[in-house]
Amino acid sequence: MLPEQHDILFSFIAIAFALFGIYVFANVILNCREREGANITKWGGIFGAFAIACFSMTVHMFSLVQADQLAFFFSTYLWLVVILLITWGVFLKSNSMEAQSPPIIRGFFFWTTVSLLLAGYTNWLPQQRSDPPPREAAVVGDLTMEEFAEMGRVIIFGAKQVAGQKSIGKGQCPLCHTFDPGDHMGRCPNLFGVEKRSHDRVKENRYATSPIAVGEVEPSSGIVKGKWDEVPEEYRRQHGPDEFTGEDYIRESVMCPTCYVVKDFGNDGDTRSPMPVIIKPPISLSRTEVNAVIAYLQSKDTPGEFATVTVPLPQDDAGNTGGAVVEDTSSDEDAPVFVTGNEDMQTMINTLGCPLCHTIPGIEGAVGELGPKLHEKINAPQRIKDPNYKGKATNTREYVRESILDPGAYVVFNEAEGESFPDGLMPTTFSEMLSVRALDKLVDFISQTEAPAGS
Amino acid sequence: MSGKNKLSIKAFSLGLLLAMAMYFVPGMTSDAIAKEVSAEQVFAEEAFAKEVQAEEALEGEGEAEVEWSQDVFYKDWEGNPLKGPVSGFPAPELGPSDYNNYEFAPSRMLLWVANQQHLYFGSFVLAVPIFCMLIEFIGIRTKEEDPVMSAKYDRLAHDLMKVSLTAYSWTAILGGILLFTFITLFPGFFKYMAGIFRPVMHVYALMFLAESGILYVYYYGWDRMSEDKFLKWIHCSLAVLLNLVGTVLMYLANSWATFMQAPGGIDSEGRFLGNIWHVIHSTLWNPVGVHRILGNIVFGGGIVGAYAAYHYLTAKNEEEKAHYDWVCYVAMFICIFGLIPLPFAGYWLMKEVYAFRQQMGITLMGGIMAWLFIIQAVMIGLLFFAANSYLHNGMARVKGSHRYMKYCKYMILLLILCFTMWMTPHTIVMTPAELKAMGGAQHPIIGHFGVMSAKNTAVNLMITTTILCFLLYQRANKKINVPWATVGNCWIAAIFVGAAANIIFLGIYGYFLPANQRVGLSVPQVTTTLTTLFAGTAINISMFKDSESYGDIQWGSQSKVGTYAIFLLAISFTWLMGLMGYIRSAVRLFWHVTEVVRDNSVDAYTLTIGEAGKMLTFNTLFVWTQFVVVFWVGSLTGKSVEAKAPEGVPVPAQQQQ
């Protein structure tokens, strides 16, 4: 259900409670008529009022949307029903009519309580919504190799890294593969050291013959094994040596997993790989995305070092005929964002896009919730003292500066959600978007932000 | 010991065992059946022959008349993708005009509700005829030996059918609502599905007609056909026919869902390749079918049990109480018999899911759906607790049960231990602080319980414990008199102790094997558990020969805890059924048809667990509200004459001899 819609469950229970109110009223009237001495006016009036209250509250529930419905239900409506039950019990006992309510009512409450407890249990667990992956990763402007490899990392792991588990990106690789030394889940090969292995493997005898020989067509993918120049044109390498390289091996591995199956990781006696062909559904990576993944795999074991990467950048890729969007950067409209520091603070912050994720006091329209609220005057000193803080800042200004330039240095814990804000969401490119003057100005401003009085 | 109903106990147990074996055997031989080796080869050869003919024709005439394309799933005997003639249009690229919506709720939620309500009712109306067939059969077989009990069985089957009849119309109405919801809210997708399944949909409608006709003759001809022995057998045969048609109906409808999850018979563009059987019996068709039949039996047993439990609570006299107590017992007996093999059928289904796409299996067990499986574990634990609680409480009203009651607490302790292990997650989402405090993603000690080796061990021990509990319940009021009683008891003890030792040994051994080999250990574990079921029950029943009774069962004295345990089982199973249906459907993620038709609607996201949980609770409450209405409507047709308890105490077949 969308936030602006009704909650289907609590709307249903509200209707059930309204019917329950009417049922109790009818039950009381019938009981009073059967028993001499029972004060029908008194009890009828009391339970009639309950029935009307239940009905009114149900109507009111339908004037609310999801979050308000829940708040009203648990703060008001539920208590009315509890009081109604107690009063009904008093009525039944005081008139010595029945020892307890009819089984249908006990059954109803047993049913509802167990079911609601189950719903409550599911809401108590960590919540994670999964959106469909974008059809293609968009490449805007010229990329550096570091950014291109980062694009590959996002395709593999997604933007969000959750503590305690590897998050899954469009490529779905971490479902089966591991990436750190010594981490053997056992489903598919560990990809630590894959760059080095890629050069050695193509020279192995097993590669030449198993499960199919070099030069043969692998039926499920249609790829000719060991032939870089027979790869479908839209994915083919455009430049480089004539022999089959490490890059070609990695490309072949993702485009034709069954061309070579690592020992003990295949099906049917290592003749068939369980891995999907990643240029086909459900993953369907484009040429640029495949190259980005290769760039990441070739560079991941040497952080900050990209000499081993052999794939071309998108803007240098002669074969990039429309896989990913490489936008023309010649027009002013699409020029990279840059803030000089001569702008006013509102313009600066809006240009940088901070309001999309942050709530910033003093900046109109800055009510984003994806990142922490920027109340740094109070928060920054506390975070520096946090045992989990591993940054280098010693005061508020240094902390704010560090957070802008190196957002991953400390990931703020989201108290409301009970988990950390997503790491990796905030861009790491502000150093290229701010002049020194603009950075100082921004740090000065944010260091003084605090929650509005009374909030 | 009286000899009466000796036949019925054998028939009833044998019938259920055979029924279970019939549904379970495919699971045991999953490799052979799932891949349909022989049938598949025939089809492959046929397709290949067609291909060759087409190629020859091509060479002869010089121009292509038929386009051939590769199947996304089926392979020929050499392992190459099977080719077939393109006989349909490509899957559409769905856009905004292919989706409609109302403002008050997302289309996906409305479709979910419509689908789930129809499935719940469909499940019930398919299950009841299975019970009726068995109960009526037992009634016929016991007529000469015990006419009173025979009449009681017959009346019970008739009463159940009466309720089912109202539910049947209701199911059809819900089916209509589902169809209209599909057509109006997802027209683009429905058009594609209708294009592929056009003949199946027509056959489905005709089968529905046949089902209705047989059902009406079966129900309205009940009294008239009871008058003559031959006609009664014809009547019972109609029940068999009714179940056959019902099963075909279910399998046809299943094919739509299994095609969406794991398609076959089409090429990568979604074009139909001319063989409708390939489309129908895609890889998950058999396991889903078996799983649903067993699920229907448990669900139906739960509903009938809850129905009887409610009437037990409202019973006005002792006869009524005794009657509904007995009905509760029969329903629970059927329910537990379906419940025991259900996890194995689920296991088979998961195995086929992994075989289809490993990443789909991992998404279920280790990816975004993993927490839902933890919830499933909790629900299965609840079911076993409810079932055992009923048996323990039920045992208390059996004279002679004091000999076994002392073991109940140990069995509960074992269940709690296994349940805790069963629901321990492998990894959970944690804050950095929690991660640091625990020293890693897995806890150094209890982290070992999060892997499948521990979980398989736990669930097999839970099932074995339930089987043991059931055997003790069966023999609670019997004094065993066979000369080989000691040997028999030793055998039963040896089977259970040996089974427990083997299950635990295999579980521990699994820690020393790589994951891909570890998976294989589940088969001997399951086989061990089934051995306790079949061998244990067989020896137990054989030992009842010439046994003496410690006294009659005090029907009508079921405790309230036992009664509410039935309610708990009914709610839990309803909720669990919705949960597993959601998991099975949601694992397609952003695909209408996996890898072929992408879901481009605004609802293509995967819900949070909390959102899904609320929908499941709503569906559970909503369907039970409807069940109450249906039962009430059923009762308006005139109060059936309550089958009076036979003179003495109405001890059912299971408890006599």
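Before I turn to the helices, a word on the angles: axes here are lines fitted to C-alpha atoms, for helices over the stretch in contact, and the angles run from 0 to 180 degrees between N-to-C directions. Please also keep in mind throughout that this is a predicted model.

With that in place, let me start in chain B, where helix H22, residues 560–586, and helix H23, residues 609–636, have axes that come within 9 Å and cross at roughly 130°. Angles over 145 degrees would count as roughly antiparallel and those from 65 to 115 as roughly perpendicular, and H22(B) and H23(B) are therefore oblique to each other. Their crossing is right-handed. On the H22(B) side the contact is made by B:Ile571, B:Thr574, B:Trp575, B:Gly578, B:Leu579 and B:Tyr582, and these meet B:Ala612, B:Leu616, B:Asn619, B:Thr620, B:Val623 and B:Trp624 of H23(B). Sorted by class, the residues of this contact comprise 8 nonpolar, 4 polar and no charged.

Let me move on to the cores. Which residues touch the most other members of the largest nonpolar core? In that core of 207 residues, they are B:Phe131, B:Cys328, B:Leu383, B:Ile566 and B:Leu569. The element that gives the most to this core is helix H4 of chain B, residues 107–141, with 19 residues. To take B:Leu383 as an example, and leaving aside residues up to four places away in sequence, B:Leu383 touches B:Leu339, B:Leu569, B:Ser572, B:Phe573 and B:Leu576.

If we consider the contacts in chain A between residues at least 6 apart in sequence, 56% of them join residues at least 24 apart.

Finally, the contact between the two chains, which takes 50 residues from chain A and 59 residues from chain B. On the chain A side, the elements that give two or more residues are helix H1 (8–34), helix H4 (103–124) and strand E4 (419–420). Which of the elements gives the most to that side? It is H4(A), with 12 residues. By class, the side of chain A that touches chain B is made up of 28 nonpolar, 17 polar and 5 charged residues.

Key: Residues are numbered from 1 along each chain as its sequence is written. Chains are lettered from A and ligands numbered from 1 in the order in which they are written. This is a predicted model: local features need pLDDT of at least 70, side-chain atom pairs count only at pLDDT 80 or more; totals for chains, interfaces and linings use all residues. Helices (H or I, at least four residues) and strands (E, at least two) are DSSP runs, numbered from the N terminus. Angles under 35 degrees count as roughly parallel, over 145 as roughly antiparallel, 65 to 115 as roughly perpendicular and the rest as oblique. A crossing is left-handed if the near helix is turned anticlockwise from the far one by less than a right angle, and right-handed if clockwise. Two residues are in contact if their C-beta atoms, placed from the backbone, lie within 7 Å. Ala, Val, Leu, Ile, Met, Phe, Trp, Tyr, Cys and Pro count as nonpolar, Asp, Glu, Lys and Arg as charged, and the others, Gly among them, as polar. A nonpolar core is a set of buried Ala, Val, Leu, Ile, Met, Phe, Trp, Tyr and Cys residues joined through C-beta atoms within 7 Å. A residue is buried if 20 or more other C-beta atoms lie within 10 Å of its own, exposed if 12 or fewer, and partly exposed in between; C-beta atoms are placed from the backbone.
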